[in-house]
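Keep the 3D view at hand.

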Amino acid sequence: MICRVLDSLTTNDIVCFVLYGHPGVFVYPSHEVIRRAKLAGHDAQMLPGISAEDCLFADIGIDPARLGCCTFEATDFLLYGRVFDPRSYLILWQVGLIGDITFKLDGYDTPNVEPLVQRLSRSYPLDHDLIVYEASQYAVCAPRVDHVSLQNLASEKLTAISTLVVPPAVRSEVDMEMADLLGIKDFITRKIS
Ligand SMILES: C[S@@+](CC[C@H](N)C(=O)[O-])C[C@H]1O[C@@H](n2cnc3c(N)ncnc32)[C@H](O)[C@@H]1O
């Protein structure tokens, strides 16, 4: 993909590389093409698009400002033991291809969901309600918003376009010392009483 775009620059003055969603979110070739094009002396710019997560916020009705939201790529999440906060939303991308380093057009097997269930069960109860989300690819179709418990995640159908939403499991508590330091202790006290 990268070579194809860079090759086009040898015969065209202007080249536009179009990708779905946000071209810079969970996409390697776009960033790399821009880096190499600039290195070769070309002007290169990325324009933002609407990512799957943007659609998710709209379809599921989550505002990340309220409880916070942590986003990871699913394999990266497991491999690096990413630290997250179960008081906030956890969003895992590419959950349908955990540990799969190949590219397949005809769909992926999902044998590596069990390690994810094990990892999540350290912070969430097994009956915790998760959401498998797939934004609609067609204007006339509804998105997929399937609720599944953590213990049943491995038997849920996950695809190359599935994104997993793990809602908070623990209530957030205000740090009153910090509220005091910020000069908003009275406001916060009124708000939570
Ligand atoms: C290579 S990334 C590309 C993301 C894309 N650049 C974007 O901004 O949405 C592929 C991953 O994005 C997410 N994704 C792509 N299409 C989706 C959809 N229709 N609904 C939900 N998540 C989607 C899934 O987590 C999928 O495994």
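The model is predicted. Start with the largest pocket. Its volume is about 1400 Å³. The lining is made up of 44 residues. Closest to the centre of the pocket are Tyr 20, Phe 26, Gln 94, Ala 160 and Ile 161. Sorted by class, the lining of this pocket has 23 nonpolar residues, 14 polar ones and seven charged ones.

Which helices and strand each supply at least two residues of that lining? Helix 2, residues 28–39, is one of them. Helix 3, residues 52–61, is another. Strand 3, residues 129–134, also supplies at least two.

Strand 4, residues 144–149, runs antiparallel to strand 3, and six bridges join the two. Look for Glu 134: its bridge partner in strand 4 is Arg 144. Strand 5, residues 163–166, is likewise antiparallel to strand 3. Here three bridges make the link. Tyr 133 stands opposite Thr 163 of strand 5.

Now turn to the aromatic rings. The structure holds four aromatic pairs. The rings of Phe 72 and Phe 77 have centres 5.6 Å apart and planes at 45 degrees, so this pair is tilted. The cut-offs make the reasoning plain: planes under 30 degrees apart count as stacked and those over 60 as edge-to-face, so the rest are tilted. Phe 72 and Phe 77 are both buried.

Phe 77 also pairs with Phe 84. That pair is tilted as well, at 5.4 Å centre to centre and 50 degrees between the planes. Are the two residues buried or exposed? Phe 77 has 0% relative accessibility, so it counts as buried. Phe 84 has 13% and also counts as buried. The cut-off that decides this is under 20% relative accessible area.

Finally, step back to see the group. Ring pairs link Phe 72, Phe 77, Phe 84 and Tyr 124 into a cluster.

Notes
Residues numbered from 1 in each chain as written. Predicted model: local features only at pLDDT ≥ 70, side-chain atom pairs only at ≥ 80, totals over all residues. Heavy atoms only, no water. 1 Å grid on protein atoms, 1.4 Å probe; cavity = no way out; pocket = protein on both sides within 12 Å on 5 of 7 lines; lining within 4 Å. Points joined across faces, edges and corners; volume = space filled by probe spheres on them. Helix = DSSP H or I, 4+ residues; strand = E, 2+ residues; numbered from the N terminus. Nonpolar A, V, L, I, M, F, W, Y, C, P; charged D, E, K, R; others polar. Phe/Tyr/Trp six-rings, centres within 6.5 Å; stacked < 30°, edge-to-face > 60°. Buried < 20%, exposed > 50% of the residue type's maximum accessible area, 1.4 Å probe, protein only. Pairing = 2+ DSSP bridges.
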